[in-house]
Amino acid sequence: MPFTRRELLWGTACAAVGTTSIVRTLFDLGSIAAAAELPRSAATASDYKALVCVFLYGGNDANNLLVPRTGNDYAQYAAARGAVALPQNALLPITPLTGDGRSWGLHPSLTGLQGLFAQHRMAILANVGPLVAPLTRDQFLNGSVAAPPQLFSHSDQQVHWQTSIPDQPPRTGWGGRAADLLRSLNGNAQVSMSMSVAGSNIFQVGDLVTQYQLSPDGSIGLDNFTDGADADPVSRAIRSLLANQTGNLLVGAAGGITARALDNNLLLQGALDQAPALTTVFPDSDLGRQLTMIARLISVRGTLGLARQIFFCAADGYDTHGDQLVAQNDLLADLSGSLTAFYNATVELGVASGVTAFTASDFGRTFPSNGGGSDHGWGSHQLILGGAVSGGDIYGHVPTLVVEGPDDSGEGRWIPTTSVDEYSATLARWAGVSATDLATIFPNLGRFNHPNLGFMG
């Protein structure tokens, strides 16, 4: 089908890759960087570290991820949860290194993650969510302390989680701001350190670093385009067109972006063609394929010249207003199998201590059932796994599981006792952001007491 030059430039610009934003491409790169240089947390890196955000879109019901397992605690849980309560004898027991007097079990689908918890390779962070400042039930009900706007809204809470700035319109995500600070550790890498296998996201939007989007099958190039000596006439004409000098700033920048996208697509395809075959078997699911691709990208980090990377992947379907027991059983089985395989792949590649995967989700869900599922909540439990994780423990404070209790904002929606800022800052600090630079990424972090939650070794 014929296409216009504008359509060509726009289509390939959408797949554009690089270590700078389009804004910096449009103007003089050197002068912009000199005028608005951000602090850098280090100058060199001899090690490799990668953060892998696994976003669970829809709002995972973590009240069924971590469940009280014995006595009156389980009885209270079962009475409040009603139709969505898990059978007591189906729960997978875990033994945290420290405790609060309650016995805990995991959802019966989380067999692989139960094993990683026992091996101290996975930690659970309890009741974490977006906060403007620490907040009690009384303060929330009387409005004396600000809460994040548009609570219980999917789109707003996704933005709050991915940006860690709930009290003002954000331009960038915390992963992107971290990449801006860590970019110098990657030397002269020609591809972005921020890679997404789940489409565009605000988490990886930075001022200086832009996300490279791939599919679970690999780099997204221009259809039917070939390069090199075997290039067809149309492909050669495209290259010639892009090399044509123009006095128009916008046209020249668009051509440069497109040319860079084609170059980097070729580079990445070549690197992936040389990736070692993994013996680890991943689930044949969308999330499993995404994490397979991330493992392959990690395996060619040396070829790409990357010492720091930030990845984004995602799973849908967690908005379980109905038929929750069946739906969540399948969702969590896939999550457990995919994350367990991913950890095993990092062991196989010899980089387990340098790769940390962590979950995030829109929000938790209501403690009482709505009949067949649960409704939008607030605080939730998240998982962190990797060779550098101080695992085998529950961090933070598991709520008092009582409707209208001290942790309830109303209708069994838990007020977070740990902020996204504290959670994310702990991960960013491990990745190499200095303690003094954390405020650049998390401007509200100083309002909270625990900039390091201790779950990273």
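Modeller: Helices (H or I, at least four residues) and strands (E, at least two) are DSSP runs, numbered from the N terminus. This is a predicted model, in which local features need pLDDT of at least 70, side-chain atom pairs count only at pLDDT 80 or more, and totals for chains, interfaces and linings use all residues. Residues are numbered from 1 along each chain as its sequence is written, and side-chain values use heavy atoms, with hydrogens and water left out.

Biologist: How many helices and strands does the chain have?

Modeller: Both kinds of element are present in the chain. The count is 15 helices and 13 strands.

Biologist: What percentage of the residues of the chain count as buried?

Modeller: Buried means under 20% relative accessible area, exposed over 50%, and partly exposed in between (1.4 Å probe, protein chains only). The chain has 457 residues, and the share of them that counts as buried is 54%.

Biologist: Is asparagine 60 buried or exposed?

Modeller: Asparagine 60 lies in the loop between β1 (49–56) and β2 (66–68). Contact means heavy atoms within 4.5 Å; leaving aside neighbours within four places in sequence, asparagine 60 has contacts that include Tyr318, Phe363 and Arg365. Its relative accessibility is 3%, so asparagine 60 counts as buried.

Biologist: How many disulfides does the structure hold?

Modeller: A disulfide is a pair of cysteine sulfur atoms within 2.5 Å. The structure holds none, that is, the number of disulfides is zero.

Biologist: Which cysteine sulfur is nearest to that of cysteine 53?

Modeller: Cysteine 53 is in no disulfide, and the nearest cysteine sulfur is 7.3 Å away. Cysteine 53 has a relative accessible area of 2% and is therefore buried. The nearest sulfur belongs to cysteine 313.

Biologist: Is cysteine 313 buried or exposed?

Modeller: Cysteine 313 is likewise in no disulfide. Its relative accessibility is 0%, so cysteine 313 counts as buried.

Biologist: Why are α9 and α10 called oblique to each other?

Modeller: Axes are lines fitted to C-alpha atoms, for helices over the stretch in contact, and angles run from 0 to 180 degrees between N-to-C directions. Helix α9 (residues 233–243) and helix α10 (residues 249–273) pack with their axes 9 Å apart, at an angle of about 135 degrees. Angles under 35 degrees count as roughly parallel, over 145 as roughly antiparallel, 65 to 115 as roughly perpendicular and the rest as oblique. The pair α9 and α10 is therefore oblique.

Biologist: Which residues of α9 make the contact with α10?

Modeller: On the α10 side, the contact is made by Gly255, Thr258, Ala259, Leu262 and Asp263. On the α9 side, the residues are Ile238, Arg239 and Leu242.
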